[in-house]
Amino acid sequence: MSHAELVCPAGTPAALRTAVDAGADAVYCGFQNATNARNFPGLNFTPDELAVAVLYAHGKGTKVLLALNTYPPAGKFDLWRQAADLGARLGVDAFIVADMGVADYIARAHPQARLHLSVQAAASTPEAIRYYCAHFGVKRVVLPRILTIPEIRQIRKEIPCEIETFIFGNHGLMVEGRCSLTNYLTGQSTNMDGVCSPASDVEYVRDADGAMSSRLAGFTIDRFGPDEMAGYPTICKGRYTAPHRPEEYYAFEEPVSLNLSRLLPELIGAGVHAFKIEGRQRSKSYVRGVVAAFRQAVDDIRAGHAANIADLLALTEGQKQTQGAFETKKWR
Amino acid sequence: MSTRIRTIPPGSGVVSRLACTMVQPILSRVVRRIAAQHPSLFARLGPHQGTDFLIDPVDLPFALHLRPDPQALLFRAVPRDAAPQAGAVIRGRFLLLLELVDSEEDGDAAFFSRDLEVSGDTEAVVRLRNALDDVEGSIAEETAAMFGPPGRAILGHLRRTYSRDPIRT
Amino acid sequence: MTKLTLGPIAYHWSADKRRDFYARIADEAPVDEVYLGEVICSKRAPFHEGDLPTTIERLERAGKVVVLSSLAEVMLKRERMATSDLAAMDHPEIEINNAAGLYARGQRPHRIGPFMNAYNEATIMWMAGQGATHICLPPELPAEAIAIAARSARALGLGVEVQVFGRLSLAVSARCYHARAHRRTKDSCQFVCADDPDGMPLRTRDDMPILRVNGIQTQSESYVDLVPDAGRLVADGVTHLRIMPQEVDMVGVTRLIRAVLAGQLPVAEAGVRLQELCAGRQFSNGFYHGQAGYRRIANATLAP
């Protein structure tokens with residue numbers, strides 16, 4: 001039976017406490033460096049902050065998962081090794097990893113540690129997942145946001161570990177851990193540096209007509225009319241022209257957020273063990289609102305009631321939400 | 001529904017300058033207090049402690065100039081027509097900005113809905129946002145409390161006044 | 001002796017075009033090793049996999065080492081089957097691009113493809129311990145990291161490969177962006193990607209060419225050109241230089257790069273001739289220099 005554990009984002013110590021207080025079963029967070037995939041300016045934890053945060057979370061029965069989910073480039077592996085050792089010393093409840101070298105290191109150096117396979121590892125088949133379980137003792141896989149519920153149900157039957165899926169938040173379409181788009185334009189790598197459309201390369205330009213252009217490293221990724229909802233300045237959510245599409249169109253994906261609140265019962269039925277809320281880069285306000293809403297929904301379902309999910313549309317990108325791949329594979 | 005942000009006519013320069021003069025002593029006190037209470041804020045600002053931020057509450061008669069340098073903290077009201085060249089500009093309704101400071105509103109959501117506008121150095125804005133977001137409790141309430149019951153009354157008044165949404169068309 | 005390899009065709013070239021292409025490669029291209037197989041889209045495979053045995057035989061007869069590459073993105077039943085079938089082969093060698101393939105292959109020898117994210121010494125050591133004989137490094141690794149990765153791979157007896165020519169793979173997805181551009185879904189794509197043998201160009205709103213769409217893959221607009229850096233790559237321990245098939249005279253491209261490696265053609269002159277062979281294409285080497293990938297850094301190191 002699924003535990004329907006809520007795994008919630010914590011970009012700062014204050015956000016972590018907010019998530020814990022709002023009913024998170026687990027929080028995930030990272031250090032202030034390239035060892036995690038949300039290495040954004042002003043975000044994340046110093047070792048001292050993490051130490052305090054772990055005590056706070058554990059005091060309230062909440063687990064702390066440390067994201068070490070980037071790919072160390074050759075020559076810089078020590079930074080990841082140190083982060084893993086530090087996490088182990090501070091007593092985090094699990095490490096979220098993607099790189100095989102990092103997974104192997106933790107499995108050998110900290111054999112008692114629990115490993116979760118990050119979505120950045122892009123393991124989307126039973127075979128791929130079993131590889132990580134067999135070799136590194138992975139206890140949980142975070143599934144890419146590309147599978148339908150029947151596919152998830154089938155995978156569950158064929159793997160020896162727990163499944164975690166995203167239920168809310170930013171909805172990227174590229175296979176995670178396999179995307180160098182940001183690096184192609186900015187020189188900073190999503191895999192190696194933990195950044196995606198780094199703020200230092202983003203520029204918003206207000207045009208005379210009230211429209212706003214978002215630029216990344218000088219490339220105009222999108223332009224929003226005065227009354228149009230905006231999205232993140234990421235390459236995969238931009239508008240471009242193509243030979244058959246002389247009008248600008250969303251070549252990859254529209255600015256839209258994932259919201260699977262309506263599918264929670266089915267996901268639980270499919271054997272999903274834990275639900276992940278995206279958004280370490282978001283504010284406490286977001287964390288408070290989303291975590292509380294999903295806490296209530298999960299508790300309602302457990303009690304045998306229909307979940308009455310609060311309206312979270314205002315918090316979504318472009319103020320649009322989707323059930324993405326989970327409902328139908330037509331989106332592919 | 002249009003979400004375009006329009007700056008109200010700033011009124012006469014005299015009114016604006018007078019308002020700046022009146023509010024300045026309060027601002028100075030507020031920012032020193034916040035800095036003393038929340039020193040970790042500066043670490044999150046990183047290299048942008050020396051950046052000039054222009055915070056532009058479009059429905060107030062003046063804008064705010066912030067330079068979060070812990071050695072020489074600056075927070076002052078400036079008439080829009082005399083605003084300094086800023087490294088980063090944050091523009092929105094006063095109440096929204098107040099709620100963002102207190103994390104009652106989500107900055108990304110306000111950006112998506114076009115109620116919040118940023119220009120200039122985006123990293124500076126992101127750092128300031130993350131630094132403020134890590135502050136526990138309400139900066140607005142803390143500020144109001146500095147001035148006792150009259151302060152809390154003024155905050156309540158501001159919230160009522162500026163929640164009427166006068167500038168959205 | 002440094003090996004020149006020809007990477008797998010990323011695009012949906014017709015069976016006829018592929019036959020002609022590999023016939024010319026077999027007869028005329030001075031490459032040592034050729035990667036075959038569909039890496040991008042499992043729907044395309046039936047169009048050309050019937051020719052594989054003949055192509056393999058043809059290339060091997062011409063003295064080339066043939067390697068079969070596996071799918072980068074594995075999700076559907078047919079993709080899982082294709083991956084495990086490939087992993088069951090004893091001959092030719094295989095290059096694995098997805099962990100599902102690693103699982104199926106077990107400890108038997110295999111090559112690690114560029115989609116496998118072999119970024120560092122620890123990962124390379126792990127992979128070597130699991131039967132990897134050869135590693136193709138991710139295209140975004142900068143020169144310093146390549147040197148360190150190559151040294152550790154060589155110490156373990158592995159071959160080390162780096163892409164030196166052609167469009168870069170920047171992302172893969174479960175969604176087909178070719179189908180999307182034509183308002184279709186992946187299941188009803190009618191193989192529109194066949195219309196773009198060098199990828200479908202995307203331009204920004206201010207009309208800058210930026211990316212190429214190839215089915216589920218997003219590629220760079222520019223062709224990477226590390227030919228001027230070949231000397232340093234070899235000195236740093238890279239054993240194989242990968243040339244990706246593009247819609248240009250690939251025999252000409254491979255001959256030119258071979259001539260540079262053999263010291264018969266000065267790098268500067270090679271640059272001019274490469275530009276002639278690839279008229280209208282932009283070149284880049286930013287990743288190698290630790291900068292934005294699309295950039296072309298002028299004062300690249302010269303081949304010895």
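Predicted model: local features only at pLDDT ≥ 70, side-chain atom pairs only at ≥ 80, totals over all residues.
The contact between them draws on 56 residues of chain C and 52 residues of chain A. On the side of chain C, two or more residues each are given by helix H5 (99-105), helix H6 (121-129), helix H7 (143-155), strand E7 (159-172), helix H8 (177-181), strand E8 (200-203), strand E9 (209-214) and strand E10 (217-225) of chain C. By class, this side of chain C consists of 32 nonpolar, 14 polar and 10 charged residues.

Chain A also meets chain B, with 31 residues of chain A in contact with 30 residues of chain B. The side of chain A that touches chain B comprises 15 nonpolar, 10 polar and 6 charged residues. Chains B and C, by contrast, do not touch, and 18 Å lie between their nearest C-alpha atoms.

Within chain A, the domain assignment gives domain 1 (5-171 + 256-327) and domain 2 (181-250). The centres of domain 1 and domain 2 of chain A, taken over C-alpha atoms, are 27 Å apart. Contact between these domains takes 14 residues from domain 1 of chain A and 10 residues from domain 2 of chain A. The side of domain 1 that touches domain 2 in chain A has 6 nonpolar, 6 polar and 2 charged residues.

The buried residues of H1(A) are A:Pro13, A:Ala14, A:Ala15, A:Leu16, A:Arg17, A:Thr18, A:Ala19 and A:Val20. Within chain A, these residues pack against strand E1 (5-9), strand E2 (26-29), helix H2 (47-59) and H10. Their packing partners also include helix H5 (122-133) of chain B. Just after H1(A), A:Gly23 has a positive phi of about 110 degrees.

Strand E9 (residues 212-216) of chain A pairs with E10(A) over 5 bridges in the antiparallel sense. A:Ser213 has A:Arg223 in E10(A) as its bridge partner.

A further antiparallel pair in chain A consists of strand E11 (residues 239-242) and strand E12 (residues 245-250), joined by 3 bridges. E11(A) and E12(A) form a hairpin, with 2 residues between the strands. A:Tyr240 stands opposite A:Tyr249 in E12(A).

In chain C, helix H7, one of the elements on the side that touches chain A, has 13 residues. H7(C) reaches 18 Å from its first C-alpha to its last, close to the 18 Å expected at 1.5 Å a residue. The buried residues of H7(C) are C:Ala143, C:Ala145, C:Ile146, C:Ile148, C:Ala149, C:Ala150, C:Ser152 and C:Ala153. These residues pack against H6, strand E6 (132-136), E7 and helix H9 (230-235) of chain C. H6 and E7 of chain C are also among the elements on the side that touches chain A. C:Gly157, which follows H7(C), has a positive phi near 85 degrees.

Chain B has 7 helices and 5 strands. Along its sequence, these elements follow the pattern α-α-β-β-β-β-α-α-β-α-α-α. Of the 169 residues in chain B, 42% are buried. Among contacts in chain B between residues at least 6 apart in sequence, 71% join residues at least 24 apart.

Technical notes:
Residues numbered from 1 in each chain as written. Chains lettered and ligands numbered in written order. Contact = placed C-beta atoms within 7 Å. Helix = DSSP H or I, 4+ residues; strand = E, 2+ residues; numbered from the N terminus. Nonpolar A, V, L, I, M, F, W, Y, C, P; charged D, E, K, R; others polar. Expected span 1.5 Å × (residues − 1). Buried ≥ 20, exposed ≤ 12 C-beta atoms within 10 Å, placed from the backbone. Domains from an automatic or database assignment. Pairing = 2+ DSSP bridges.
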